[in-house]
Amino acid sequence: FVGKIVMKAASKFLTPCLLELGGKSPCVVDKHCNLGVTAKRIIWGKCINSGQTCVAPDYLLVHEDIQEKLLKELVKTHKDFYGKDAESQKKSTDLARMINKRHYNRVKKLMEGEEIYYGNKCDDDELYVPLQILKNVKPTSKVMTEEIFGPLFPVVTYKSTEEAIKFVNAREKPLALYVFSSNSKFLSAFAKRTSAGALCFNDCVIQVGVPNLPFGGVGNSGMGSYGGKQSFISFSHRKSVLHKVTWGDAPIRYPPYTKSKMSMLGFLQELKFGGILKRVGMVSVLAIA
């Protein structure tokens, strides 16, 4: 919504835009994966700033055969990281609070009516929302149709690779897509058949810290990208510069265009598109304005 406002304002002045927005970044877990490492990396990525990052895993799409095993591992990992009980977790200096009261109330409302598999009580005074793993979530529920931007983690199951890919593709293109699997064919299927701002295999969030990887969205999650060399390209104008010498000025280019000139021009055109000039290649000089 904000991106559309920015783009509309920029259009009045023909100002080009690079929009990095957000969306619901799926976290897909195959039944063939290292559960221990997968759980650690998912919990770490979800709990950074209590889920208030644009690339946080938004929802968990897990194969039905390993749902229970993975959820137990997620709970165990969360307790290992932040404390064994509700009180120690609340006191943890590694867990953030919601940024303001309005956002706190919005996040709390998103989980109304949902089945809480794991999670402690919220604190209105501290704007504290602990991790809430939500089970048996309907794909049409509010928590699955709005970007969460908080520590709520809805869980949806799938039966096959095809079903998982269709589920992801049925929604707006995300800023990030996370896929955990030790099966190369499974990973390849997501690489070839899904679209996202970034695709990260067997980890979360860390792709934004790799300087050589452009960062940006696609479709509803943004347009354009930046980071490292890509920032220089995105925020610069690449101006084409052609510098010709003045000697050897061919008269064939100038009128009147006689039959002999047209014949020669036709011959040169065939050479260009027929292969000779195409094989030799064209030299372009690019300069930054």
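Student: Which residues have the most contacts inside the largest nonpolar core?

Tutor: This is a predicted model, where local features need pLDDT of at least 70, side-chain atom pairs count only at pLDDT 80 or more, and totals for chains, interfaces and linings use all residues. Residues are numbered from 1 along each chain as its sequence is written, and side-chain values use heavy atoms, with hydrogens and water left out. A nonpolar core is a set of buried (under 20% relative accessible area, 1.4 Å probe, protein chains only) Ala, Val, Leu, Ile, Met, Phe, Trp, Tyr and Cys residues joined through side-chain atoms within 4.5 Å. The largest one has 31 residues, and those with the most contacts inside it are Val29, Ile42, Leu60, Leu74, Ile133 and Tyr178.

Student: Which element gives the largest share of this core?

Tutor: Helices (H or I, at least four residues) and strands (E, at least two) are DSSP runs, numbered from the N terminus. Elements giving two or more residues to the core include strand S2 (25-29), helix H2 (35-47) and helix H3 (67-82). The largest share, five residues, comes from H3.

Student: How many disulfides does a search of the whole structure find?

Tutor: A disulfide is a pair of cysteine sulfur atoms within 2.5 Å. For Cys27, the nearest cysteine sulfur is that of Cys204, 4.4 Å away. For Cys47, the nearest is also that of Cys204, 11 Å away. The number found is zero.

Student: Is Cys27 buried or exposed?

Tutor: Exposed would require over 50% relative accessible area, and partly exposed lies in between. Cys27 has 0% relative accessibility, so Cys27 counts as buried.
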